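Hi,

Here is the structure for you to look through. My notes follow below it.

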Amino acid sequence: MGNRADEAGTDIEIYRKPLSDTIHADTPTGASERLLSLLDQLGLERKTVTTAGPVYVWHEVPDRLGPDEQKRLATRTIPSLLRAGYLVNITDDLFDPDAYREAVHEMRTTRPAPATATATATVVPAEPGPAARSGKRRTA
């Protein structure tokens, strides 16, 4: 089993699994429970496969959602993950700019800062540029 987060050196890689409609969110091998729990809280479903060697853990966008809702959910996770200090990459075909703006607006107006955020938390732009989508951090 491959792990795109390990290969890319990011905390979360969001992409559509080849030859399927499944949207994956890969985390590095041995990712912290803090990161895995945050993905759970954001509405992604945790999957685990135990082998004789490593235990593989990843998340998926629920398949009970329609295609547009799946893209929106995948995109809406990004501001919370960035705010918590994680390095995120999402493929262009899954990124929904309107859903991203809505999630940022909600975070700024209704949600308290997560307890895991630090004083050097990532600044989330109102409109993500190529750096935010390509996984590069923008910091204060």
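**Salt bridges and a helix pair**

Glu 106 is partly exposed, with 28% relative accessible area (buried is under 20%, exposed over 50%, partly exposed in between; 1.4 Å probe, protein chains only). This is a predicted model: local features need pLDDT of at least 70, side-chain atom pairs count only at pLDDT 80 or more, and totals for chains, interfaces and linings use all residues. Residues are numbered from 1 along each chain as its sequence is written, and side-chain values use heavy atoms, leaving out hydrogens and water.

Glu 106 meets Arg 76 in a salt bridge, 2.5 Å from N to O (a side-chain nitrogen of Lys or Arg within 4 Å of a carboxyl oxygen of Asp or Glu). Arg 76 sits in helix α3 and Glu 106 in helix α4, 30 residues apart (helices are DSSP runs of H or I, at least four residues, numbered from the N terminus).

The structure holds nine salt bridges. Another joins Asp 98 and Arg 101, at 2.4 Å. These two are three residues apart in α4, so about one helical turn separates them. Asp 98 is partly exposed at 44%. Arg 101 is too, at 34%. Shared partners link Arg 72, Arg 76, Asp 96, Glu 102 and Glu 106 into one network of salt bridges.

How do the axes of α3 and α4 cross? They come within 8 Å and cross at roughly 40 degrees (axes are lines fitted to C-alpha atoms, for helices over the stretch in contact; angles run from 0 to 180 degrees between N-to-C directions).

Best wishes
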